[in-house]
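Please read the following report alongside the sequence and the structure.

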Number of protein chains: 2
Amino acid sequence: MAAQPGVLPRILINGLAATRIAALDRGLNYGDGVFRTLRIADGRPRWWSDHLAKLAEDCNRLGLDCPDATVLDRDLARLEPLPASGVLRLTLTRGEGPRGYRPPISPRCTRILTCWPGDGAEYPREGLTLRVCQLRLGPQPALAGIKHLNRLENVLARAEWNDPAIDEGILLDHSGRVVCGVSSNLFLWRNGRLQTPSLEQCGVAGVARARLMRRAAAEGLTVEEADFDLAALLDADEVMLTNSLMGLRRVARLGDKTWPQPLVGPRLAGFLDA
Amino acid sequence: MAAQPGVLPRILINGLAATRIAALDRGLNYGDGVFRTLRIADGRPRWWSDHLAKLAEDCNRLGLDCPDATVLDRDLARLEPLPASGVLRLTLTRGEGPRGYRPPISPRCTRILTCWPGDGAEYPREGLTLRVCQLRLGPQPALAGIKHLNRLENVLARAEWNDPAIDEGILLDHSGRVVCGVSSNLFLWRNGRLQTPSLEQCGVAGVARARLMRRAAAEGLTVEEADFDLAALLDADEVMLTNSLMGLRRVARLGDKTWPQPLVGPRLAGFLDA
């Protein structure tokens, strides 16, 4: 879902149309907050309730006071009409506070909704081409899984390539375990088993990943959270990426390795959309 | 240097008085930027040129286009007159950009100077009391040493205590090595040798730390960058913390362990101020 060049997003801050936030906001000063990126399809944010649940979970991990769903529902209503197709970003920060790392006693959370109209061209419809990033993710169980505002690892990893033929970069951890894509989660189909990297140490546990795991289990197909290295990935019968914008896409190429045909991908994509 | 309650800071954004920044700024959205915290004493920012040099170094590590010193000098001049005593924060972000981790091709850096008047009461003059934080820093050599805007580890660590008798928390890494304080660097005097933790894997390499190492060396006193654990810290003859606000302070207590008398601290503090 690429933003259309030259088209400015509409922004709502704490329920009001605005374009700027306080320079004293802890989201800016310390990355003290969390966010979600949603696809807008048919004028509605896809998987809205899943995203609100994940937002609450991430806030809880950081000791952030997550606004009630009714507050975020009302913010969303104020953004309407949404474009038929686009991207919605929902950001929550610990708000303004005095200088210093110490969280304020009674912080007032800052809510930012940003809506970009878009045409869905960011990811190709068929068969993604990957590379392996040089940057290795550092382990930090206190932050693993959370989509927080501390995203410099992703920024540095994404800065590694300019080749438009590359759709996504694969991130390994310091031990060589495969963790995720720069903006996506990863699934392997290998020897009749569906696996996804464990995210206990690093990486973001996306809503699409959770939906796929939940719906696959309901269909009798267990997804194993496992540790595996790049050799195991290259040995897989099918490799797939998920995120909330593209849903599920199969991988067609990584270096010299190609996966010419879809196997289980279309069935799994069906679970996700159900 | 505590900000005086109720006293708002003065803020300059890209050279103009302002209080708000663009909600699309990458500093907010990804923590994509760096910062410095300086003490204002006698109406001047202390160690200004050291801070500018460190800012340029940190920008270089992140591929950020650091403004020339002349630009930052001019910003500083526009903030004058500075309070006799206070805190100055200098933040640089990768500016606004389209959605997504990928850095813009030609980003226009955002410069934020924030000046709080203050009375210097944040740290006690004599003998700090420490605790050991439960949060362990994660290793990430690509970011280690940089004072970037991804500071959630520090926020979570600082949120661990409310006891006003505790001045600072000590951070260990996942292997149990001592790294730094939540807002400070650490030095040990042990068996006639001065040591500070290596910051190759995590932690911020502060300007006060670098000044102390440089000036101590000029006086014939080598500071060893070393790996040591909490037992070694407790076994030290003297423990000291540094940062740009407090300079150098000796530690008086950590749990049951006390260090009743200063040994080399006053001499080292003299190096720093020289």
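## Strands and sheet packing

A:V87 stands opposite A:W116 in β7(A). This is a predicted model, in which local features need pLDDT of at least 70, side-chain atom pairs count only at pLDDT 80 or more, and totals for chains, interfaces and linings use all residues. Residues are numbered from 1 along each chain as its sequence is written, while chains are lettered from A and ligands numbered from 1 in the order in which they are written.

Helices (H or I, at least four residues) and strands (E, at least two) are DSSP runs numbered from the N terminus; two strands pair if DSSP finds at least two bridges between them. Strand β7 of chain A, residues 110-117, has seven of its eight residues buried (20 or more other C-beta atoms within 10 Å of the residue's own, with C-beta atoms placed from the backbone). A:L12 has A:L113 as its bridge partner in β7(A).

| Strand joined to β7(A) | Bridges | Direction |
|---|---|---|
| β1(A), residues 10-13 | four bridges | antiparallel |
| β6(A), residues 85-93 | eight bridges | antiparallel |

In chain B, six strands form an open sheet in the order β2-β1-β7-β6-β4-β5, with antiparallel pairing. Its edge strands are β2 (16-17) and β5 (44-45), each pairing on one side only. Two bridges join β1(B), residues 10-13, to β2(B), and B:I13 stands opposite B:L16 in β2(B).

Helix α2(B), residues 48-62, packs on this sheet and touches β4, β5 and β6 of chain B (contact: C-beta atoms, placed from the backbone, within 7 Å). The direction of α2(B) makes about 175° with that of β4(B); axes are lines fitted to C-alpha atoms, for helices over the stretch in contact, and angles run from 0 to 180 degrees between N-to-C directions. Helix α3(B), residues 69-79, also packs on the sheet, touching β1, β5 and β7 of chain B, at about 35° to the direction of β7(B).

Note on methods:
A residue is buried if 20 or more other C-beta atoms lie within 10 Å of its own, exposed if 12 or fewer, and partly exposed in between; C-beta atoms are placed from the backbone. Two residues are in contact if their C-beta atoms, placed from the backbone, lie within 7 Å.
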